[in-house]
Amino acid sequence: VQLQASGGGLVHPGGSLRLSCAASGLTFSSYAMGWFRQAPGKQREFIARISGSGISTYYANSVKGRFTISRDNAKNTVILRMNTLKPEDTAVYYCAAGSTPVVVTTTPNYWGQGTQVTVSS
């Protein structure tokens with residue numbers, strides 16, 4: 001299984017970014033997908049998840065209303081749209097896959113490599 005995250009970069013506060021995670025080696029639609037992030041000196045934290053069908057989503061309070069997770073099962077891709085970015089959103093962002101929404105939130109079956117997001121003026 002491979003999860004390839006991309007789309008990170010440097011953005012000014014208030015700006016937007018779109019992260020993408022391409023999955024291979026698994027039956028994509030059978031897995032819930034999630035995004036996590038890890039800031040320097042902090043533990044990795046869950047930020048968003050989406051069910052295999054794409055019908056159900058859930059967000060951490062820190063990003064609710066600013067971030068949107070979506071998926072395209074035909075392309076084996078999960079997207080994280082990030083708006084109104086703040087300096088405290090600076091972190092390495094990871095995508096993950098889990099056999100259920102609860103699993104992807106707590107103990108994902110698979111992890112991707114990270115992509116750096118830096119929010120700074």
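This is a predicted model: local features need pLDDT of at least 70, side-chain atom pairs count only at pLDDT 80 or more; totals for chains, interfaces and linings use all residues.
Who are its neighbours? Setting aside residues up to four places away in sequence, Ser-20 touches Gln-4, Ala-5 and Ser-6, then Trp-35, and also Thr-77, Val-78 and Ile-79.

Let's step out to the sheet. Here we have an open sheet of four strands, antiparallel in its pairing, and the order reads β1-β3-β8-β7. The edges are β1 (2-6) and β7 (67-72); each has a single partner strand, so one side of each is left without a neighbour in the sheet. On average, and ignoring direction, neighbouring strands here are turned by 15 degrees against each other. If you look at β1 and β3, they pair in the antiparallel sense over five bridges. As an example, Leu-3 has Ala-23 in β3 as its bridge partner.

Cys-21 and Cys-95 form it, with their sulfur atoms 2.1 Å apart. The pair links distant parts of the chain, as Cys-21 belongs to strand β3 (residues 17-24) and Cys-95 to strand β9 (residues 91-98), 74 residues apart. The torsion about the S-S bond is about 55 degrees, so this disulfide is right-handed. Both cysteines, Cys-21 and Cys-95, are buried.

On to the packing. Which residues of the largest nonpolar core touch the most other members? Among its 30 residues, the answer is Trp-35, Leu-80, Met-82 and Tyr-93. You'll remember Trp-35 as one of the contacts of Ser-20.

Let me zoom in on Met-82. Leaving out neighbours within four places in sequence, Met-82 is in contact with Gly-15, Ser-16, Leu-17 and Leu-19, with Arg-66 and Phe-67, and with Tyr-93 and Val-117.

Finally, there is a second, separate core of five residues, including Ala-32, Phe-46, Ala-96 and Val-104.

How values were computed
Residues are numbered from 1 along each chain as its sequence is written. Side-chain values use heavy atoms; hydrogens and water are left out. A disulfide is a pair of cysteine sulfur atoms within 2.5 Å. Helices (H or I, at least four residues) and strands (E, at least two) are DSSP runs, numbered from the N terminus. Buried means under 20% relative accessible area, exposed over 50%, partly exposed in between (1.4 Å probe, protein chains only). Two strands pair if DSSP finds at least two bridges between them. Axes are lines fitted to C-alpha atoms, for helices over the stretch in contact, and angles run from 0 to 180 degrees between N-to-C directions. Contact means heavy atoms within 4.5 Å. A nonpolar core is a set of buried Ala, Val, Leu, Ile, Met, Phe, Trp, Tyr and Cys residues joined through side-chain atoms within 4.5 Å.
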